[in-house]
Amino acid sequence: MIYRFVGTFADLGDNRMLNRFGDSVELTDEEAANAISQRVAIIPDATFQQLSFTPAELQNYGYPEASVPDDHPFHAKRKKAWLAVHELRESLSSKGA
Amino acid sequence: MAVYSGSWLDRVLIQVQAASAPRTITNSSGTWTSTGTTNPRHMSLVLTQNKPVVPTPYKTGTRSTLVGLAGRRSGTFSYNGPLIPSGAAGTVPDSDPLFQSIFGTTATIVPSTSVTYSFLDNGFIPLAFFRYNKSGGSSPTNFYALGSVIQRYTINLGGEYLTHTAEGKCVAIGDSTQFASYSGNDAVAAGGLTTYPAEPGTIAVNGTPINGFGGTATFDGNVQVELRGTPTITINTGLDMAEDGFADGYPFAMTGGRRQVSGSFRFADDDTSNLNNIKTKAFTKAPITIALAVNTTAGSIVTITLKNVQLGPYSLTENGNLFDIVLGDSLAHASSAAAVDDVSIAFT
């Protein structure tokens, strides 16, 4: 399954590094559960697509040092992405992952 | 042929142990369970075993010494590493086990917004450090620190990287070379394990480092632009161990004494009312709130809040082409008798 990264950096091992917001990575269910339990900020691609990040937003604001204007809609979308991370983590935790 | 241990080929992991159980590394039937282990990244980890030889106390008629006994035993540790936020607001950092141990409890999480550590005075969470030698060879020696209690924690601001140090004592320092001998009076050093902790596979690493500068320093409600140099925040946790048990020579319980939270600050001297307020408060000892927010990128902001700070005495000190106002140790206090808010650390 394809997941999208919504943090600043994560090293998943096996030469899989995520270093831009929006980076995609294919993970098995077990790999995803391990990554999420180890605090990696990933969400399913379908969930990410619903947040409607534009290519320009990912290009301009997808790296850690990016300065996002205060009133830019990217802030709200990113917050929703982080909320989705939390909800996914809680869901897996309740299942005993 | 000998394989020497390279200092860069050093992997350090940390894991909280069960509350108030400093002698037990998390395990299933004696095999280490690495769930919850994190890789906080580190510049250095010093683990020192403390197993002194106690000289014979009695007289023999000569002035020569005789072989003594191994006395009460324990260990010490000193960790120095980067303080790296997770990069996603509402997600705990990889250093989370350190903070759990310092504050005695897990963080308060507001999803997508913040992770905040505040004290729980009756919470005692020991830590285990694991060090793996990655230099290769047939039998490198790996180490662990069992039942680690952070006694002194310092955040170092103002540098190129935001860093922190954690120092304290532990129940024991174990190593893979000696592990098989941990029996009898030294069985405690095995931490409840029957096999040496096997190095886990990948432990994800999260977040990018941040500068120790670049943010907002607020003193008594005023943004203090004159703050300069390398401010430090130090928590002397008051945590300790009971080390005089009868059953064996190792520490057997965590204890909690009074803690002390302090900050060290210097300002470029000027004639502004904000800085004059600092000077006045340093003289009158009227308490103020200090908030140091490091970084401005959401998901990677660290804010240290000190309550009821009584500023230390100040001196005018020459610093290059300017004079600085240098404050002596400024102590934070709880805001009321029932509060434990002397300091909190938030990631947003």
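Chain B and chain A bury about 1800 Å² between them, and 52% of this area lies on carbon and sulfur atoms. Buried area here is the accessible area (1.4 Å probe) that two parts lose on being put together, summed over both. The model is predicted: local features need pLDDT of at least 70, side-chain atom pairs count only at pLDDT 80 or more, and totals for chains, interfaces and linings use all residues. Residues are numbered from 1 along each chain as its sequence is written, chains are lettered from A and ligands numbered from 1 in the order in which they are written, and side-chain values use heavy atoms, with hydrogens and water left out.

The contact (heavy atoms within 4.5 Å) takes 25 residues from chain B and 21 residues from chain A. Eight residue pairs, both at pLDDT 80 or more, are in polar contact between the two chains. A polar contact is a pair of N or O atoms within 3.5 Å; within protein, one must be able to donate a hydrogen and the other to accept it, and residues adjacent in sequence count only if both atoms are side-chain atoms.

Strand S2 (residues 10-11) of chain A and strand S13 (residues 205-206) of chain B run antiparallel and are joined by two bridges. Two strands pair if DSSP finds at least two bridges between them. Strands (E, at least two residues) and helices (H or I, at least four) are DSSP runs, numbered from the N terminus. A:Asp11 stands opposite B:Val205.

One salt bridge crosses the interface of chain B and chain A. A salt bridge is a side-chain nitrogen of Lys or Arg within 4 Å of a carboxyl oxygen of Asp or Glu. B:Asp94 and A:Arg39 form a salt bridge, with their closest N and O atoms 2.9 Å apart. Both residues are buried, that is, under 20% relative accessible area, with exposed over 50% and partly exposed in between (1.4 Å probe, protein chains only).

Over all chains, the count is 22 salt bridges. B:Asp240 and B:Lys169 meet in one at 3.0 Å, N to O. B:Asp240 lies in strand S17 and B:Lys169 in strand S12, so the pair ties together parts 71 residues apart in sequence. B:Asp240 is partly exposed, at 28%, whereas B:Lys169 is buried, at 17%.

B:Arg266 and B:Asp324 form another salt bridge, with N and O 2.6 Å apart. The pair ties together parts 58 residues apart in sequence, because B:Arg266 lies in strand S19 and B:Asp324 in strand S23. B:Asp324 is buried, at 0% relative accessibility.
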